[in-house]
Amino acid sequence: QVQLVESGGGSVQPGGSLRLSCVGSGFTFSNYAMSWYRQAPGKARESVAGIIAVGGFTTYADSVKGRFTISRDNRRNTVYLQMNSLKPEDTAVYYCYAGRDLRGNALDAWGQGTLVTVSP
């Protein structure tokens, strides 16, 4: 059974930091590209950051470039999102997503989400 479990969300003041974690199980984690998405109240879900299975190549939404860092530890089946200089507009539910493997096969698995609230 494929599972993605996020943790690390919470409330923080503007300018603060949080680190989200997502642990994958039930699939070969190291073979899959992983991503973080977020959904703010009343808005569509959007891509935040992604990291490929091997090689460490990463991508970021323009709104988070220079503030957020995605990384992975394949030994721990975990992907991280380090979020610095948080802004109120970063408030959202953050979701972990397992995309395609090295052969292009889609897993298309989502975590349950973790809430991040940025307010004074």
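Is Tyr 97 buried or exposed, and what is its relative accessible area? Tyr 97 is buried, at a relative accessible area of 15%; buried means under 20%, exposed over 50%, and partly exposed in between, with a 1.4 Å probe and protein chains only. Before the close-ups, a note: this is a predicted model, where local features need pLDDT of at least 70, side-chain atom pairs count only at pLDDT 80 or more, and totals for chains, interfaces and linings use all residues. Residues are numbered from 1 along each chain as its sequence is written, and side-chain values use heavy atoms, with hydrogens and water left out.

**View 1. Four strands make an open sheet.** The order is β1-β3-β8-β7, and the pairing is antiparallel. Strands here are DSSP runs of E with at least two residues, numbered from the N terminus, and two of them pair if DSSP finds at least two bridges between them. At the edges sit β1 (3-7) and β7 (68-73), each pairing on one side only. On average, neighbouring strands of this sheet are turned by 15 degrees against each other, direction ignored; the axes are lines fitted to C-alpha atoms, and angles run from 0 to 180 degrees between N-to-C directions.

**View 2. β7 and β8 form a hairpin.** Six bridges join β7 to β8 (residues 78-83) in the antiparallel sense. Look for Asp 73, which stands opposite Thr 78 in β8. Four residues lie between the two strands, and in the turn Asn 77 has a positive phi of about 50 degrees.

**View 3. Tyr 37 pairs with Tyr 97.** The structure holds six aromatic pairs, counted when ring centres of Phe, Tyr or Trp (its six-membered ring) lie within 6.5 Å; planes under 30 degrees apart are stacked, over 60 edge-to-face, and the rest tilted. This one is edge-to-face, at 5.7 Å centre to centre and 80 degrees between the planes. Tyr 37 belongs to β4 (residues 32-39) and Tyr 97 to β9 (residues 92-101), so the pair ties together parts 60 residues apart in sequence. Tyr 37 itself is partly exposed, at 21%.

**View 4. Tyr 37 also meets Trp 110.** Their ring centres are 4.9 Å apart and their planes at 65 degrees, so this pair is edge-to-face. Trp 110 is partly exposed, with a relative accessible area of 35%.

**View 5. Arg 45 lies over two rings, those of Tyr 95 and Trp 110.** Its charged end is 3.8 Å from the ring centre of Tyr 95, and Arg 45 is 4.5 Å from that of Trp 110. A charge sits over a ring if NZ of Lys or CZ of Arg is within 6 Å of the ring centre and within 35 degrees of the ring normal. Tyr 95 and Trp 110 share one aromatic cluster with Tyr 37 and Tyr 97.
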